[in-house]
Amino acid sequence: MVPFAKTGGLADITASLPVEWEKQGQETVVVMPKYAHIDVYAYGFKPTFMVVYVPISTWTEFAHVWKGHLPNSNIPVYLLENNDYFNRRGIYGDPNEYPDNDRRFIFLSRAVFEVAKMIDFKPDVIHAHDFHTAFTMAFLKSQYRNDPRFSKTAGVYTIHNLAYQGWFNPQRAMDFAGFGMKEFYPGCWFEHKSSVNAMKTGIMFADKITTVSPTYAKEIRNPYFSEGLQDVLGAKGGDLVGILNGIYYNEWDPEKDNYLHSKYNRDYLMGKHINKINFLKETGLNDRDNLDLPLIGMVSRLTEQKGIDLLIDKIEYFLGNNLFRLAILGSGESRYEDYFRYLAWKYPKRVYVNIGYNNTLSHRIIAGSDFMVLPSRFEPCGLTQMYALKYGTIPIVRQTGGLADTIEEYNSKKQTGNGFTFYNYNADDFAYAVNRALSLYSKGKHWDKIRLNAMSCDFSSSGSALEYLKVFKWAMDKVRLK
Ligand code: ADP
């Protein structure tokens, strides 16, 4: 959850939704691990000196509880301190998942109920995100089902990315979760291909399931996108809805952005140009020739999902023909990191690469670039393209998931659309979309119009928060009618 701990879009969304719900008069309580890198003092967290006792297998474990608030809000955030589980460098494991993620996250999923009891909170809804907290849905319907505090609580489970499912060894996971192997048999709600599958568990036990864009909600019913879970999603299809992630414009607005050299808006695009020039100077890309060359940016996890292979396939053609400059910020698979380091070495005046995670730089790349590329093979929602729109940076995207829901090809006759898209996962189609984008760059009224169209888009989190409230109500009705 931003600003405490982030690996991707999940962090932005979990931080923006409670703020909107608070405006709607709803009360949200957040529980998350006290990861080692969270600067608790900077964010004003304090130890409560309370301890929650969490049943694991046949014994009990514990966590010290810290309390703070989401910045600029009254939303309480409880951090669970357990050094065995959370006092380590990464969040999920870096670069590979930690082998005890089953135990760490089953602990977290169960501790949530104990925190609610400790603070005397009776939730209408428990909202769990991704496989790590999927077991809350199972606990809600079993161990805590007859507890009067939770007997009318609805479970809503949000899938942010179906590709990460949490495959656990049944002997371990069923034991830690307190179900035992007698509950594990082929076709049961925990089982998929002879393993415990946390994602399936969350989907099956939840009252309602959401995912992060309407198109992705449809796509995952199809084997190409379902990562093997099409039958599970088919079985629960009537309870599954797609809600497009929203953007927290307080954090992502060029008019208010303190990370930028010059703030700007659609009436003052000179400010955007100043950001570009400063970025080129800071990164050494400002050789004298052809300062007007377009700058294409990419801020992304460097994984196969993000369509890096399409970029790699065509990039030397574009750079060799001196068609644009490229700025990349990201980290992930070493084969991609190594390739981009090589590219920056080969084209020092054309390519800037920063391997790592850097929030300030992400704002500066998005503001300073003319285009952002997101050629994803699949993309549950994607946030970067929505940030880009607000910053007048034109997205070039593959038409999948949330990218398809937010980006529309520019039509120069009607002067509609906010970006460039391609459909097939194919490097030639990608290159064609890039060429169309480049041909429009700086072309008088069309360039002005597409940037205006982009900056006029509104994907604010308030709309998406209201959609969630509808689903919560729907889930509560289902539980109460039972
Ligand atoms: P995913 O969750 O699959 O990574 P999203 O587009 O939903 O993709 O969210 C990614 C978020 O992480 C965006 O806010 C993006 O700006 C940010 N991000 C990704 N990589 C980096 C990085 N290397 N440095 C800073 N921010 C990053």
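**Stop 1: the second largest pocket**

Begin by selecting α1, which gives six residues to the lining of the second largest pocket, the largest share. (Helices are DSSP runs of H or I with at least four residues, strands are runs of E with at least two, and both are numbered from the N terminus.) Before going on, note that this is a predicted model, where local features need pLDDT of at least 70, side-chain atom pairs count only at pLDDT 80 or more, and totals for chains, interfaces and linings use all residues. Residues are numbered from 1 along each chain as its sequence is written, and side-chain values use heavy atoms, with hydrogens and water left out.

A pocket here is an open set of points on a 1 Å grid over the protein atoms alone, with protein on both sides within 12 Å along at least five of seven lines; a cavity is a set of points where a 1.4 Å probe fits but cannot get out; lining residues have an atom within 4 Å of a point. The pocket's volume is about 1200 Å³, a volume being the space filled by probe spheres set on the points, which are joined across faces, edges and corners.

Which residues lie nearest its centre? Pick Val-29, Val-30, Val-31, His-127 and His-129, out of 45 lining residues. By class, the lining has 30 nonpolar, 10 polar and five charged residues. (Ala, Val, Leu, Ile, Met, Phe, Trp, Tyr, Cys and Pro count as nonpolar, Asp, Glu, Lys and Arg as charged, and the others, Gly among them, as polar.)

**Stop 2: the sheet**

Next, show the four strands that form an open sheet with mixed pairing, in the order β1-β4-β3-β2. (Two strands pair if DSSP finds at least two bridges between them.) β1 (30-33) and β2 (46-56) stand at the edges with a single partner strand each, so one side of each has no neighbour in the sheet. On average, neighbouring strands are turned by 30° against each other, direction ignored.

Zoom in on β1 and β4 (residues 76-81): they run parallel and are joined by four bridges. Val-31 stands opposite Tyr-78 in β4. (Axes are lines fitted to C-alpha atoms, for helices over the stretch in contact, and angles run from 0 to 180 degrees between N-to-C directions; contact means heavy atoms within 4.5 Å.)

**Stop 3**

Most residues other than glycine have a negative phi, and most peptide bonds are trans. Click on Asp-120, in the loop between α3 and β5: its phi is positive, about 55°, although it is not a glycine. Then go to Pro-3 in the segment before α1, where a cis peptide bond joins Val-2 and Pro-3, with omega about 5°.

**Stop 4**

How many cavities of 30 Å³ or more does a search of the whole structure find? The search finds one. To see the lining of the largest cavity, select Ile-296, Leu-311, Ile-315, Phe-318, Phe-324, Val-373, Phe-430 and Val-434. α11 (308-320) and α16 (427-440) each give two or more residues, and α11 has the largest share, three.
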